[in-house]
Amino acid sequence: MGLLTQLLTLPLAPVRGTVWVLDQVLLTAEREYYDPAPVRAELAALEQRLLDGSIGPDEFDSREDELLDRLEWLEAHRQRLRTDS
């Protein structure tokens, strides 16, 4: 029966392959989007800019708040994924 099913569904093989590739692209994009490492790196660069004097304390505080909110949102998303699994 398995061989017969494979033969009958053979014309759908390119579609299944395309769906698999699209699933892999989506998973990779989601991993990159929800990765906190770039946000942490941006926080470190922002602090360095403050220490260098290229930005003022007000701009630093504003941008830092945005980045910390983003990190908090990413952590909440990771927690949701853990509870859903």
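Predicted model: local features only at pLDDT ≥ 70, side-chain atom pairs only at ≥ 80, totals over all residues.
Colleague: Why are helix 3 and helix 4 called roughly antiparallel to each other?

Modeller: The axes of helix 3 (residues 37-52) and helix 4 (residues 57-84) come within 10 Å and cross at roughly 170°; angles over 145 degrees count as roughly antiparallel, and the pair is therefore described in that way.

Colleague: What makes the contact of helix 3 with helix 4, by residue class?

Modeller: Helix 3 contributes residues including Val39, Leu43, Glu47 and Leu50, while helix 4 contributes, among them, Phe60, Arg63, Leu67 and Leu74. The residues of this contact divide into 10 nonpolar and eight charged, with no polar ones.

Colleague: Which residues of helix 4 are called buried, and against what do they pack?

Modeller: Buried means under 20% relative accessible area, and the residues of helix 4 that are buried are Phe60, Leu67, Leu71, Leu74 and His77. They pack against helix 2 and helix 3.

Colleague: How do you know what span to expect of helix 4?

Modeller: The expected span is 1.5 Å times one less than the number of residues; for helix 4, with 28 residues, 40 Å is expected, and the reach from its first C-alpha to its last is 40 Å, close to that expectation.

Colleague: Why does Val25 count as exposed?

Modeller: Val25, which lies in helix 2 (residues 13-33), has 51% relative accessibility; exposed means over 50%, so Val25 counts as exposed. From C-alpha to C-alpha, Val25 and Glu47 are 34 Å apart in space and 22 residues apart in sequence.

Conventions
Residues numbered from 1 in each chain as written. Heavy atoms only, no water. Axes fitted to C-alpha atoms, helices over the stretch in contact; angles between N-to-C directions. Helix = DSSP H or I, 4+ residues; strand = E, 2+ residues; numbered from the N terminus. Parallel < 35°, antiparallel > 145°, perpendicular 65-115°, else oblique. Contact = heavy atoms within 4.5 Å. Nonpolar A, V, L, I, M, F, W, Y, C, P; charged D, E, K, R; others polar. Buried < 20%, exposed > 50% of the residue type's maximum accessible area, 1.4 Å probe, protein only.
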